[in-house]
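Colleague: I have a model open and would like to learn how to read it. Could you take me through it feature by feature?

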Amino acid sequence: MFLKVQMPWNVIIPADSLDAKGLMLKKAIVIRLMDEFACKKATKDLGYFMAVTTLESIGEGRVRQNSGDVLFPVVFSGITFKMYRGEILQGVVHKILKHGVFLRCGPVQNIYLSHIKMPDYQYVPGENGIFMNDKHSKIDKDVIVRFIVIGTKWMEAEREFQALVSLEGDYLGPVS
Amino acid sequence: MSEKGGRMFSLPTKTTPKSSLKSTAGKDDNSAKSKRGRKVQFGTEGSPDVNFSSPKSDGKFATPFGKGGKGEKIANGGKTHVAKESQSLELRVEQELPENIKCLMDCEAATILEGIQDQMVILSSDPTIKLPESFGSGLQYAKTGSYYTNPQSVRKVLQSLTKYGVSNSEICVIANTCPETVDEVFALVRSLEAKRSKITGPLKDVLDELAKLKTST
């Protein structure tokens with residue numbers, strides 16, 4: 001789900017941005033903050049970073065000894081996206097294998113739905129395999145599926161989440 | 001070979017090279033799924049059940065993967081038992097969230113992100129300003145997932161459930177799933193089951209109100 005987070009951040013302004021144009025300081029801080037926020041794709045605790053919404057406060061700047069840069073502690077609010085166990089979400093199928101399908105949901109690209117967790121759905125082999133149940137409900141590429149999240153995993157190296165989901169339960173499955 | 005009363009994943013030893021989920025999935029068409037180079041067998045030898053996590057744990061993969069020493073060194077044949085995890089798949093977001101974080105409904109997020117996108121049209125003339133790479137996919141998801149035109153009214157209607165002990169995250173899941181019946185709410189938001197008798201009535205009223213606020217698509 002989407003989260004509204006309020007967090008502290010340290011924005012470092014290089015010395016050459018601190019010239020006589022004192023009024024531009026806040027702009028420089030905001031731009032640096034947005035830049036650093038954009039580079040940091042996601043964190044384990046907060047999920048995927050979406051956008052900065054407001055700058056709540058800018059603290060007193062501290063000059064760093066060696067470089068002459070100034071460090072400003074700021075507090076800002078932003079929007080992030082994170083999946084939680086037990087949450088109901090909708091994803092789009094992008095890959096079908098014999099034993100399950102891969103979905104994407106928002107910024108999360110690696111969501112796995114195993115055939116074990118698709119009650120009554122069977123794999124129908126073919127040039128493009130699909131999953132289908134007795135009532136001819138199909139899980140094919142680009143189908144939107146509503147699922148429940150069993151668990152998530154944070155991949156530090158790739159800085160992204162992976163998730164395992166299930167269709168076990170009422171009102172879960174492909175949506176029209 | 002089979003895990004007796006297994007509470008955790010059984011994982012093979014770290015002999016497989018590290019590979020991302022995407023790269024092995026194509027080549028590896030048996031029932032193994034790779035995560036960080038470790039393979040998890042989904043009961044190919046006949047056992048239909050899989051235990052993904054200890055019911056006592058918070059259900060995240062991080063728990064069994066992170067510990068790395070609790071009897072996971074079974075190579076290539078780990079059969080595991082199912083834990084009755086469907087019963088424990090309850091939303092426990094509130095317990096995990098620190099105080100400076102609040103859950104948002106998809107429609108609320110869509111409004112905010114669309115506003116930012118509109119401003120970006122003006123700001124994009126300045127090349128130093130950039131948006132996070134997840135912004136586009138997040139915005140698209142928020143828009144497709146939001147069924148209501150007026151997030152403030154939706155929030156107001158759903159706030160009435162808080163006095164019955166419904167948490168903010170449960171309210172967000174209700175708004176995001178746009179349920180039509182009370183049964184659907186209890187089926188999807190399993191953590192509300194405990195309060196079923198208390199909130200069935202108010203929930204019916206809330207759903208009727210929400211139905212009026214839906215966008216007609």
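Colleague: What percentage of the 217 residues in chain B is buried?

Modeller: Buried means under 20% relative accessible area, exposed over 50%, and partly exposed in between, with a 1.4 Å probe and protein chains only. In chain B, 48% of the 217 residues are buried. A word on the ground rules: this is a predicted model, where local features need pLDDT of at least 70 and side-chain atom pairs count only at pLDDT 80 or more, while totals for chains, interfaces and linings use all residues. Residues are numbered from 1 along each chain as its sequence is written, chains are lettered from A and ligands numbered from 1 in the order in which they are written, and side-chain values use heavy atoms, with hydrogens and water left out.

Colleague: How many helices and strands does chain B have?

Modeller: Helices (H or I, at least four residues) and strands (E, at least two) are DSSP runs, numbered from the N terminus. Chain B has 10 helices and 3 strands, in the order α-β-β-α-α-α-β-α-α-α-α-α-α from the N terminus on.

Colleague: Which residues of helix α6 of chain B are buried?

Modeller: In α6(B), residues 135–145, they are F135(B), G138(B), L139(B), Y141(B), A142(B) and G145(B). They lie on the same side of α6(B) because they cover an arc of only 165° around the axis, the arc being that of the directions from the helix axis to the C-beta atoms. On the other side of α6(B), Q140(B) and T144(B) are exposed.

Colleague: At what angle do helices α7 and α10 of chain B pack?

Modeller: Axes are lines fitted to C-alpha atoms, for helices over the stretch in contact, and angles run from 0 to 180 degrees between N-to-C directions. Here α7(B) (residues 151–159) and α10(B) (residues 196–213) pack at about 175°, with axes 10 Å apart. The two helices are therefore roughly antiparallel to each other, a term for angles over 145 degrees. Contact means heavy atoms within 4.5 Å; α7(B) contributes S153(B), V154(B), V157(B) and L158(B), and α10(B) contributes V206(B), E209(B), L210(B) and L213(B).

Colleague: Where is P127(B) found?

Modeller: P127(B) sits in the loop between α5 (106–123) and α6 of chain B. P127(B) is exposed, with a relative accessible area of 75%. From P127(B) to V157(B) is 30 residues in sequence and 42 Å in space, C-alpha to C-alpha.

Conventions: Parallel < 35°, antiparallel > 145°, perpendicular 65-115°, else oblique.
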